[in-house]
Amino acid sequence: MPLPEELKKKKKDWEETTLREVISRYPERKTEFVTGSDKTVDPLYLPESFSAQEYLEKQGFPGCYPFTRGVQPTMYRGRLWTMRQYAGFGTAEESNQRYRFLLEQGQTGLSVAFDLPTQIGYDSDDPRAEGEVGKVGVAIDTLRDMEILFDGIPLDRISTSMTINAPAAIFLAMYIVVAETKGIRKDKLRGTIQNDILKEYIARGTYIFPPAPSMRLITDVFAYCTREVPQWNTISISGYHIREAGSDASQEVAFTLANGIEYVRAAVKAGLPVDDFAGRLSFFFNAHNDLLEEVAKFRAARRIWARIMKERFNATDPKSLMLRFHTQTGGSTLTAQQPDNNIVRVAIQALAAVLGGTQSLHTNSREEALALPAEESVRLALRTQQVLAYESGITSTVDPLAGSYYVEALTDRIELEVWQYIDRIEALGGMVPSILKGYVQKQIQEAAFRTQKDIEKGERVVVGINRFQMEEKRPENLLRVDPAIRQVQTDKLSQVKRSRNSSRVQHSLSALRQGAKQDDVNLLPLILEAVREYATLGEICRVLRDEFGEHKETIVL
Amino acid sequence: MSSKKTRILIAKPGLDGHDRGAKFIARALRDEGYEVIYTGIRQTPEAIVQTAIQEDVDFVGLSLLSGAHNELFPRVVDLLKENGAEDIKVIGGGIIPEEDIPLLKEKGVLAVFGPGTSTEQIVEFIEHGSGR
């Protein structure tokens, strides 16, 4: 949007007189100021000429296209965001205790972290699980573990998010069966499975199968949930890990939305009408320290997604056009040095998420550059959200930073950069070829490399790392996961195997194998049967590995 | 740099997908003039040792953020020994609690570099065996 002529002239005058004079006597602290994403920041932003028509096209009203100002008309005046701390470690018993603690502390939704063997479809007794059982999340081998994990938790009253991707369909099935045993029907279930394989290839690493069968599993989930689990978010298309891997803010949005385009395209190609499933797509973004750039990022993401869905996929239901998202504060911004400083970083990042209109939020704990957080630190992180929600006043109006000359300029700039990346990816044939060629990974790595070099050169200041360092005692009372857990988990697994009906297990697994061979069979009902018979996660994934093969990383350096 | 052509394998053992640090260090060491090979993620200790021997490296740098270091780092050291390649030096990095470091060193990991380590510190170690 152009500056009005008169203002443009006045600005020039100001720059050449007042500003120049001051700078000649008192130079600015740096020759160039940049955002957290390394983009130039002007000293001053001015109002742009803006017709009512232009306002409506770019910003509009909250709850209305293009949703720049938020997905709900009342935003936090109506309902606060869901406070949802990502948690899980050790056994299902221990994680269940942590969930109960969090709910007692006023958390309003659950978010399950699984250990790596679980995420990659290996049982706890698999040789590949060596050293990893229960470490970065809870170990789940069979339905039995899921029953324990949700023991005493009212699945009809809370929503549950599960960070699970390659085996997402299996965990949705387990959740449905656990709810059934509690007498809760699947159309009452609310929650999310991450189910976003493309960013696993790009940035997170817990892929199992190659792209084509993975996309089929995802589409099967969309189709099944549309009919059977209508309140479930079938996917959480995630920029979080792309940013953690080192991308800048625009890349985070661009690659996430490009992944989104790929999922929508795959589902439409499989014959699903876009408005049947698009309203259940959800997103997940990072929040970093550059407060205003982050706020602009969230606003730009909503505007672009609405346009993609409307113009490229001809969606008409407003729900299909809304980008609803979860936010987690940026893990990679945390420092192992002076860990209490992280409390402040998290507060700034959480503020960005709320000013950006997030639907749910995880705030990191202070010692997460060192270990999984202890209860006391998690409580403090949750309290940070509660202070924002109840004391800061930012929840009293919708999209309070709209109209800030700087924030609007940042929103426009991010939008422009995102479209450029999306066009480039489309030119490469879409996201799958762009990943297999290493294009996306390369872009992220370049940004990550620059950031780290800037830190090492001292050009980017990280408090406690390259400035304001001090001698300190090593932190105490860090949470440790007992390595004996693998044995505990393995014993539990053998017990389940002894008590189940093995011929029925085998029967369900061969039915799944037959289904996997035919592209037009929805695998969800077959997976549900196998889960019900206490087939293990490893057994189910073994069948699918046999039929689908395994993905191999494109190594880009 | 005195020892040009020092060969270094940067490896990701276990199931952890966090490769930002490993890739940074691989590229930064390459820029310092070393020959650097990177394995990619999700490598077994066996595969890492095989690559290390095949590529005739001087150092193996293991990167792990998932907490499986106590099992996997010593396993790499032991397998190198079993294969007569105990001259290959093993160093590590990632999210490694302080109290685990003495044990890892006892088991033959020469140095462990935590978050906040600079390229310079690692180069210093490679060149002079000091730093951490």
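Modeller: A residue is called buried if 20 or more other C-beta atoms lie within 10 Å of its own, exposed if 12 or fewer do, and partly exposed in between. Please keep in mind that this is a predicted model.

Colleague: Why is A:Arg450 called partly exposed?

Modeller: A:Arg450 has 15 other C-beta atoms within 10 Å. Buried requires 20 or more and exposed requires 12 or fewer, so A:Arg450 is partly exposed. The residue lies in helix α18 of chain A. A:Arg450 and A:Ser503 are 53 residues apart in sequence, and their C-alpha atoms are 57 Å apart in space.

Colleague: What makes A:Thr316 count as exposed?

Modeller: A:Thr316 has 11 C-beta neighbours inside 10 Å, and the limit for exposed is 12 or fewer; A:Thr316 therefore counts as exposed. Its place is the loop between α12 (291-312) and α13 (318-321) of chain A. A:Thr316 and A:Asp275 are 41 residues apart in sequence and 6.9 Å apart in space, C-alpha to C-alpha.

Colleague: What makes A:Phe468 exposed?

Modeller: A:Phe468 has 12 other C-beta atoms within 10 Å. The cut-off for exposed is 12 or fewer, so A:Phe468 is exposed. Its phi is also positive, near 55°, in a residue other than glycine. A:Phe468 is found in the loop between α18 and α19 (485-499) of chain A.

Colleague: How do you know that the peptide bond between A:Tyr65 and A:Pro66 is cis?

Modeller: The omega of the bond that joins A:Tyr65 and A:Pro66 is about 0°, and the bond is cis. Most peptide bonds are trans. A:Pro66 is found in the loop between α2 (52-58) and β1 (82-83) of chain A.

Colleague: Which residues of α6(A) and α21(A) meet?

Modeller: From α6(A), A:Ala169, A:Ile170, A:Ala173, A:Met174, A:Ile176 and A:Val177 meet A:Leu524, A:Ile527, A:Leu528, A:Val531 and A:Arg532 of α21(A). The residues of this contact divide into 10 nonpolar, no polar and 1 charged.

Colleague: What makes α20(A) and α22(A) roughly parallel?

Modeller: The axes of helix α20 (residues 502-517) and helix α22 (residues 537-548) of chain A come within 10 Å and cross at roughly 30°. Angles under 35 degrees count as roughly parallel, and α20(A) and α22(A) are therefore given that name. In the contact, α20(A) supplies A:Leu509, A:Leu512, A:Arg513, A:Ala516 and A:Lys517, while α22(A) supplies A:Glu539, A:Ile540, A:Val543, A:Leu544, A:Glu547 and A:Phe548. By class, the contact of α20(A) with α22(A) has 7 nonpolar, no polar and 4 charged residues. The crossing of α20(A) past α22(A) is right-handed.

Colleague: How does the reach of α3(B) compare with the expected value?

Modeller: Helix α3 (residues 69-82) of chain B has 14 residues and reaches 19 Å from its first C-alpha to its last, close to the expected 20 Å. Its buried residues are B:His69, B:Leu72, B:Phe73, B:Arg75, B:Val76, B:Val77 and B:Leu80. Those residues pack against α2 (45-54), β3 (59-64), β4 (89-94) and α4 (101-106) of chain B. Just after α3(B), B:Gly84 takes a positive phi of about 65°.

Colleague: Finally, how many residues of chain A and of chain B are in contact?

Modeller: The contact joins 32 residues of chain A to 28 residues of chain B. On the side of chain A that touches chain B, α18(A) gives the most, with 5 residues. That side has 16 nonpolar, 8 polar and 8 charged residues.

Notes
Residues numbered from 1 in each chain as written. Chains lettered and ligands numbered in written order. Predicted model: local features only at pLDDT ≥ 70, side-chain atom pairs only at ≥ 80, totals over all residues. Contact = placed C-beta atoms within 7 Å. Helix = DSSP H or I, 4+ residues; strand = E, 2+ residues; numbered from the N terminus. Nonpolar A, V, L, I, M, F, W, Y, C, P; charged D, E, K, R; others polar. Expected span 1.5 Å × (residues − 1). Axes fitted to C-alpha atoms, helices over the stretch in contact; angles between N-to-C directions. Parallel < 35°, antiparallel > 145°, perpendicular 65-115°, else oblique. Left-handed = near helix turned anticlockwise from the far one by under 90°.
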